[in-house]
Amino acid sequence: MIAPLRWSKAPNGCPRWQPPAWPLSAACFACACRAMDDTTVPLLAKGGTQTARLWTYVRDDRPFGGGAAPAALFHVSRDRGMAQPNRHLAGWQGILQADAYGGYNDLYRGDRDPSALCWSHARRMFLELADIQGRAHKGKVAHDKSPIALEAVARIDAIFDLERQIKGMDASARLETRQRAAPLVEDLHGWMRSELGVLSRHNPVAKAIGYMRAKDRWSAFTRFLEGGRICLTNNAAERALRGVASGRKSWLFAGSERGGDRAAFMYSLIVTAKIKDIDPQAWLTDVLARLPNTTASRVSDLLPWNWQPPVRQLAA
């Protein structure tokens with residue numbers, strides 16, 4: 001049974017919403033693949049603020065035609081230590097789609113499933129060096145831009161082009177089509193190996209190549225070729241965090257660790273509603289109005305993937 005939302009009295013006598021163990025957590029955990037990312041959030045501390053972390057875990061089966069409802073779950077922590085994702089993902093088994101942050105390494109040890117690294121993160125490193133949009137090298141001559149990085153972007157984009165063709169297909173069809181990407185991936189690997197042979201190890205392009213070819217990483221980058229449910233990127237998690245950056249400009253910082261937990265809870269609700277193309281304000285307004293008279297057995301009707309907007313009857 002789903003735990004009910006709890007209400008208590010605030011000091012001014014008004015009802016206060018107590019965040020429960022929201023079933024979003026169960027929805028995010030009930031999946032074979034999950035996207036993960038994190039970002040900074042200022043947390044009020046003595047003498048100023050400290051840099052805390054806001055983590056998100058996203059379930060979105062739509063790229064492979066899955067029928068399960070998408071959901072986003074957020075957590076906040078005082079640091080980015082590996083203990084944090086270990087705690088969040090304790091007991092979960094599946095393919096974690098993330099960047100190559102070393103703090104995730106414990107998640108792939110022992111009997112845990114291997115990771116699938118994000119190609120968008122790798123592509124972004126080359127994109128900045130290629131400076132296709134002319135931002136990074138503003139005011140510099142054209143030959144300062146890296147033709148090798150530009151070639152890397154072109155090769156990676158060919159793989160992305162194939163991925164766009166299989167969006168929404170079922171997992172078996174995606175896996176079959178992806179076999180056409182395997183030669184492109186192998187050619188990219190060979191090309192990077194040859195380029196490393198002539199580049200200085202201090203060259204930024206060599207570092208970008210090393211990001212992909214470091215020990216154990218290449219197998220994680222190519223894991224998408226092994227399963228149709230695996231995505232090429234963790235863009236679902238990046239999209240979930242997109243509103244946090246603009247939010248930081250408005251609310252500036254979390255006033256306490258408890259306040260950070262409340263913010264993470266609200267982000268979980270709002271982002272999940274947005275993933276479902278539901279207006280978060282309309283949904284929360286209706287849910288908060290109906291909650292006091294909703295029994296525990298009916299709370300699931302108010303979840304974003306079950307919620308139906310109220311029918312407004314026109315006055316006669």
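## The largest cavity

Trp92, Gly94, Leu96, Leu107, Tyr108, Arg112 and Asp113 line the largest cavity of this predicted model, where a cavity is a set of points, on a 1 Å grid over the protein atoms alone, at which a 1.4 Å probe fits but cannot get out, and where lining residues have an atom within 4 Å of a point. The space in this cavity comes to about 40 Å³, a volume being the space filled by probe spheres set on the points, with grid points joined across faces, edges and corners. Its lining divides into four nonpolar, one polar and two charged residues; here Ala, Val, Leu, Ile, Met, Phe, Trp, Tyr, Cys and Pro count as nonpolar, Asp, Glu, Lys and Arg as charged, and the others, Gly among them, as polar.

## How the model is read

Because the model is predicted, local features need pLDDT of at least 70 and side-chain atom pairs count only at pLDDT 80 or more, while totals for chains, interfaces and linings use all residues. Residues are numbered from 1 along each chain as its sequence is written, and side-chain values use heavy atoms, with hydrogens and water left out.

## The chain as a whole

The protein chain contains eleven helices and seven strands, which are DSSP runs numbered from the N terminus (helices H or I with at least four residues, strands E with at least two). Of its 316 residues, 44% are buried, meaning under 20% relative accessible area, as against exposed at over 50% and partly exposed in between, with a 1.4 Å probe and protein chains only. Among contacts with a separation of 6 or more, 61% are between residues 24 or more positions apart, a contact being heavy atoms within 4.5 Å.

## Strands and their pairing

β3 (33-45) and β4 (48-59) pair in the antiparallel sense over eleven bridges, where two strands pair if DSSP finds at least two bridges between them. The two strands form a hairpin with two residues between them, and Gly47 in the turn has a positive phi of about 80 degrees; Ala45 stands opposite Gly48 in β4. On a parallel course, β3 also pairs with strand β6 (residues 95-98) over three bridges, with Leu96 in β6 as the bridge partner of Arg34.

β4 is in turn joined to β5 by seven bridges, and these two strands run antiparallel, with Ala71 in β5 as the bridge partner of Arg59. Six of the seven residues of β5 (residues 71-77) are buried, so this strand is largely enclosed by the rest of the structure.

The 19 residues of α4 should span 27 Å at 1.5 Å a residue, and the end C-alpha atoms are 28 Å apart, which agrees; the expected span is 1.5 Å times one less than the number of residues. The buried residues of α4 are Ala149, Ala152, Val153, Ile156, Ile159, Phe160, Leu162 and Glu163, and what covers them includes α3, α5, α6 (182-196) and α7 (204-213). An α-helix has 3.6 residues a turn, so residues three or four places apart point the same way.

For α10, whose 19 residues should also span 27 Å, the end C-alpha atoms are 26 Å apart, which agrees. Its buried residues include Gly260, Ala264 and Tyr267, and α10 is followed by Asp277, whose phi is positive, near 60 degrees.

## The second largest cavity

The lining divides into eight nonpolar, one polar and no charged residues.

## The pockets

A pocket is an open set of points with protein on both sides within 12 Å along at least five of seven lines. The largest pocket has about 770 Å³ of space and is lined by 31 residues, of which Phe160, Cys231, Thr233, Asn235 and Arg239 lie nearest its centre. Among the elements that give two or more residues to this lining are β3, β4, α4 (147-165) and α9 (235-251), and the lining divides into ten nonpolar, six polar and 15 charged residues.

The second largest pocket has about 320 Å³ of space, and of its 17 lining residues Asn105, Tyr108, Ser115, Lys215 and Asp216 lie nearest the centre. α8 gives the most to this lining, with three residues, and the lining divides into seven nonpolar, four polar and six charged residues.
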